[in-house]
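The stops below can be selected one after another.

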Amino acid sequence: MENNRRDFLKKGALLGLASVTGALFGKDKLENIQSVTEQLAAEGTTFKLPDLPYSYDALEPFIDRQTMEIHFTKHHKAYVDKLNGADLSSLNLKISDAEKCRTITEKSPAIIRNNLGGHFNHCFFWENMRPNQEGGTNLPSGKLLESITATFKSFEDFKKEFSDKALKLFGSGWCWLIIDQNKKLKIITTPNQDNPLMPVATEKGAPILALDVWEHAYYLKYQNKRVEYISNWWNLVNWQKAEELFAK
Ligand SMILES: [Fe+2]
């Protein structure tokens, strides 16, 4: 009897979670992030590193193997470990990580804000890239390209504005393409591990694209040349994933 009740509650939680995730990102989008989130909800709670959707050297020559391995197994893992070691009583663990981010306020403990953000942002970032060893043309298509062109005049203008904002972001943080609260595409930056889902963000919205501009994301290969890292990152953007997020 008790087992049946537990199964029923578990299925209900998953259905609710799928609904929330679908509302945020569109049905059947962000499969890996969602499957990890569902798995965790089913298991009851703690945070885990996702499966990296490619090998450490798959983003060569634009992001090197060593950077990827350290970024994933040290930096991302540290966010997960610190989150699991924190007092999580202020978090609703049965909702998606995106929804958890939406509950972060100025009053949230820094350990939760920083490490939940770090975990969510990196999960998003890994999915946001895909191998492209040849480089060459890498453009969005369809409605996303139309909207980018309508909003920023041209794809090149969009790319320039995004790159400039990423380059000029002082210190550590992220550059995002979001759909803002007026349903408009917008390029924003967030400091540290904040993200545009968080109420603490100055500019809020649903993320479409994210670029990690912490030095740990590029310093081994590019040293202080953030501009080259950004320029090369465009070869790796997974536009198909971005288009899926945009089509929600
Ligand atoms: Fe990072």
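**Stop 1: a pair of helices**

Select residues 142-152, helix α6, together with residues 155-168, helix α7: their axes come within 8 Å and cross at roughly 75 degrees. The model is a predicted one. Angles of 65 to 115 degrees count as roughly perpendicular, and α6 and α7 are therefore roughly perpendicular to each other.

Now show the side chains where the two helices meet. From α6, select Leu145, Ile148 and Phe152; from α7, select Phe155, Asp157, Phe158 and Glu161. Sorted by class, this contact of α6 with α7 has five nonpolar and two charged residues, and no polar ones.

**Stop 2: leucine 139**

Move to leucine 139, in the loop between α5 and α6.

Leucine 139 and tryptophan 239 are 100 residues apart along the chain, yet 6.8 Å separates their C-alpha atoms. Leaving aside residues up to four places away in sequence, leucine 139 touches Phe155 and Trp239. Phe155 is also one of the α7 residues in the contact with α6.

**Stop 3: the iron site**

Which residues coordinate the iron ion? They are His71, His122 and His216, each through NE2, and Asp212 through OD, at 1.9 to 2.1 Å. The angles among the four donor atoms run from 92 to 131 degrees, and the site is tetrahedral. For comparison, the ideal angle for four tetrahedral donors is 109.5 degrees.

In the sequence panel, the donor residues follow the spacing H-x50-H-x89-D-x3-H. Highlight two of them: histidine 122 lies in helix α5 (residues 110-127), and histidine 216 lies in the loop between β3 (205-212) and α8 (219-222). This pair is 94 residues apart and links distant parts of the chain.

**Stop 4: the whole chain**

Zoom out and color by secondary structure. The protein chain has 10 helices and three strands. Read from the N terminus, the order of elements is α-α-α-α-α-α-α-β-β-β-α-α-α. The protein chain has 248 residues, of which 49% count as buried.

Key
Residues numbered from 1 in each chain as written. Predicted model: local features only at pLDDT ≥ 70, side-chain atom pairs only at ≥ 80, totals over all residues. Heavy atoms only, no water. Axes fitted to C-alpha atoms, helices over the stretch in contact; angles between N-to-C directions. Helix = DSSP H or I, 4+ residues; strand = E, 2+ residues; numbered from the N terminus. Parallel < 35°, antiparallel > 145°, perpendicular 65-115°, else oblique. Contact = heavy atoms within 4.5 Å. Nonpolar A, V, L, I, M, F, W, Y, C, P; charged D, E, K, R; others polar. Donors = N, O, S within 2.8 Å, 3.2 Å for Na, K, Ca; no water. Tetrahedral: all angles 85-135°; square planar, octahedral: opposite > 155°, others 65-115°. Buried < 20%, exposed > 50% of the residue type's maximum accessible area, 1.4 Å probe, protein only.
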